[in-house]
Amino acid sequence: TGGVRGVGAGISRAFLQAGATVVTCARRPADDPIEWVAPDGTSHGVEYVPCDIRDPEQVHAMIGGIMQMHGRLDVLVNNAGGAPFALAADASAKFHSKIVELNLLAPLLVSQAANAIMQEQESGGAIVNISSVSGSRPSPGTAAYGAAKAGVDSLTTSLAVEWAPKVRVNAVVVGLVE
């Protein structure tokens, strides 16, 4: 998820370089398609699916489309997220709710859909949650985001135990990235 800009685009490129078929989603496509040109000159690109990962119907349609097109789902990277700067005392309850929905509840929703597929595959699968140092240290101006990422860390360990051994669930804690 969120694989068309920033860290997500880098993740998409790394999977392409490793020879994976990459399908990514975002609410809107990248300005430039993500491609990787192999040493033999062949070009490989990321397949893009528009999806608001907060919407269960869109998530299930996306996962169903991946299964129809490719017949399997091996890895899910929950990368979509973020938050604009807003002091906790000044932001509305709706603002905080939307931040937690995007950064914690949406990854759970997408993970549930992916897990249902992966549990049925002989080789299982892997889910990687992109977390943040904001989940374990003060995060002034992005308190709801930090709280959601702390939730992602807890969610990751719980799902890792619940869904093992077929589905491996891990988190990568990220700080500032160029």
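Ala, Val, Leu, Ile, Met, Phe, Trp, Tyr, Cys and Pro count here as nonpolar, Asp, Glu, Lys and Arg as charged, and the others, Gly among them, as polar. By these classes, the lining of the largest pocket holds 14 nonpolar, 12 polar and 7 charged residues. The model is predicted: local features need pLDDT of at least 70 and side-chain atom pairs count only at pLDDT 80 or more, while totals for chains, interfaces and linings use all residues. Residues are numbered from 1 along each chain as its sequence is written, and side-chain values use heavy atoms, with hydrogens and water left out.

**Pockets**

- On a 1 Å grid over the protein atoms alone, a pocket is an open set of points with protein on both sides within 12 Å along at least five of seven lines, a cavity is a set where a 1.4 Å probe fits but cannot get out, and lining residues have an atom within 4 Å of a point.
- Grid points are joined across faces, edges and corners, and a volume is the space filled by probe spheres set on the points.
- The largest pocket has a volume of about 780 Å³.
- Its lining comprises 33 residues, with Arg-5, Asn-79, Ala-80, Gly-81 and Gly-82 nearest the centre.
- Two or more lining residues come from each of α1 (6–17), β1 (23–26), α3 (93–118), β6 (125–132) and α4 (143–163); helices (H or I, at least four residues) and strands (E, at least two) are DSSP runs, numbered from the N terminus.
- The second largest pocket contains about 530 Å³ of space, and Thr-21, Val-22, Val-23, Leu-73 and Val-75 lie nearest its centre among 23 lining residues.
- The lining of this second pocket has 13 nonpolar, 8 polar and 2 charged residues.

**Cavity**

- There is 1 cavity of 30 Å³ or more, and the largest cavity has about 50 Å³ of space.
- Of its 13 lining residues, Ala-86, Phe-95, Thr-142, Ala-143 and Ala-144 are the closest to the centre.
- The cavity lining has 10 nonpolar, 3 polar and no charged residues.

**Nonpolar cores**

- A nonpolar core is a set of buried Ala, Val, Leu, Ile, Met, Phe, Trp, Tyr and Cys residues joined through side-chain atoms within 4.5 Å, where buried means under 20% relative accessible area with a 1.4 Å probe and protein chains only.
- The largest core has 26 residues, of which Ile-53, Val-59, Met-62, Met-118 and Ile-127 touch the most other members.
- Helix α3 gives the most to this core, with 8 residues.

Key
Buried < 20%, exposed > 50% of the residue type's maximum accessible area, 1.4 Å probe, protein only.
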